[in-house]
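Below are my notes on the model, written for someone who is meeting it for the first time. Please read them with the structure open beside you.

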Amino acid sequence: MRVSKQRIEEDLKYLAQFSADTGGKGITRLPFTPEDRACREAIIKKFKAAGLHVYTDGIGNIYGRREGKRPDLPPVMIGSHLDTVINAGIFDGPAGVVAGLEVVRVLNDLSIQTERPLEVANFVIEESTAFGKSCVGSRAVAGVLDYDELARLKDKNGRSLQDAFKEHGVTKKEIEATRREKGSIDSYIEMHIEQSDNLIKAGKPVGLVTAIAAATRFQVTVKGQASHSGATPMGERKDALCAAAEIILGIEKIAAAEAGNETVGTVGNVTVKPGAINVVPGEAVLAIDLRDIDKADKDKAAEKIIALFESVGKEREVQVEYLITASDTPVPASPRVLGAIKNAAREVDIPHLVMHSAAAHDAAYLAEVADMGMIFIRSYGGSHNPDEWAEFEDVAMATEVLLEATLRLSS
Ligand SMILES: [Zn+2]
């Protein structure tokens, strides 16, 4: 391998020092905190030490640029985020930034100048922990960050994200200036730990991501008639929970057999009213989460679910009201970038699994302006918790694939 496992390990352990006091339970690095500022300064120093030209954009995303033989060409970008959740592991986010830095150091070691410029990026406020909104920096790059909405997003002290930005000199003008033109970045690759256990099950260290899944969410209220459980004959009931049960099982069937291969549907919460043993349920509220990597399949499942609301409502003579609380679009990887990553993995002979991402990432927004691809690292203990762990050997192998893919895309 050309990449250095030791350098990657040192960097990740070094960045992990920048944390609020968690009493030994992982690391916590929320935006606008002293530890966040210190970490930003540390990565800037590291970028500069690797010979990168450092600049920031309007919202504060940090970029390190390595010039290509053709400075006029749009760059290949490698990036991720350095902010964390509360009591996080050390890999979610930093692994992707450190990998970009390591790619640059290897190119320096080998005295390779690529045709296209390379940029390593750190996108701000990827985690929704502090202000309830994810991928803030990358949304701004994609031009889909609503400035007015930032006034409504508040941290636990009641400070809005808009005010926090203003304190740091980021106004509407700066956020608008963060937007990049489509095609101004040639390609974007994000390396990230996998946040489920597909790679563990497959016994593979590296995942090549075909698409990033997205959700449609419903809040459904089934209104029947609350009545005495002893005195209401079975034939005369309008039991909201029985109707809800039919809906729940119907969603399971639709997701499993009547939509796409990757469709998943979940009813994760049910509230029953009045919720007493001796009362036929009068109302049931359901939270439905439907996900897919294919928009057409997800839309098809959503249509069937809505038809199910209607048929169950009619049959059982209950009212079924629904609200669509989210309807996001899945993002496929660019065939060109995924192709380069696949060829790279074969070339460097690293065992890998072709898979999709169930979780959202900055890459989904970068796809608005660049050809996008992602590389996953096998991770133990899940993520967003102190037990999150990737073997440094696995991080190095994923970085080797990233290096080879970068060489292919930048020449
Ligand atoms: Zn992350």
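1. In this chain, 78% of the contacts with a separation of 6 or more are between residues 24 or more positions apart, where two residues are in contact if their C-beta atoms, placed from the backbone, lie within 7 Å. The model is a predicted one, in which local features need pLDDT of at least 70 and side-chain atom pairs count only at pLDDT 80 or more, while totals for chains, interfaces and linings use all residues. Residue numbers start from 1 along each chain as its sequence is written.

2. The chain has 12 helices and 15 strands, taken as DSSP runs numbered from the N terminus (helices H or I, at least four residues; strands E, at least two). Its radius of gyration is 24 Å, close to the 22 Å that the globule rule gives for 411 residues, so the chain is as compact as a globular protein of that length; the radius is taken over C-alpha atoms, and the rule is 2.2 Å times the number of residues to the power 0.38. Along the principal axes, the C-alpha trace spans about 85 × 45 × 40 Å.

3. An automatic or database domain assignment is the origin of the domain bounds, which divide the chain into domain 1 (5-212 + 330-410) and domain 2 (214-327). The centres of domain 1 and domain 2, taken over C-alpha atoms, are separated by 38 Å.

4. Buried residues make up 47% of the 411 residues; a residue counts as buried if 20 or more other C-beta atoms lie within 10 Å of its own, as exposed if 12 or fewer do, and as partly exposed in between.

5. Which face of helix α8 is buried deserves a look. The buried residues of α8 are Ala240, Ala243, Ala244, Ile247, Ile251, Ile254 and Ala255. Seen down the axis of α8, they fall within an arc of 105°, so they line one face of the helix, the arc being that of the directions from the helix axis to the C-beta atoms. On the other side of α8, Leu249, Lys253, Ala256 and Ala257 are exposed. The cover over the buried residues of α8 includes β7 (214-223), β9 (264-273), β11 (283-292) and α9 (295-316).

6. Most residues other than glycine have a negative phi, and most peptide bonds are trans. Lysine 273 and proline 274 are joined by a cis peptide bond, with omega about 0°, and proline 274 lies in the loop between β9 and β10 (279-280). Phenylalanine 32, in the loop between α1 (5-16) and α2 (34-49), has a positive phi near 70°. Histidine 384 also has a positive phi, of about 60°, and lies in the loop between β15 and α12.

7. Tryptophan 389 lies in the loop between β15 (371-377) and α12. Why is tryptophan 389 classed as partly exposed? It is so classed because 17 other C-beta atoms lie within 10 Å. Not counting residues up to four places away in sequence, tryptophan 389 touches Gly89, Ser379, Tyr380 and Gly381.
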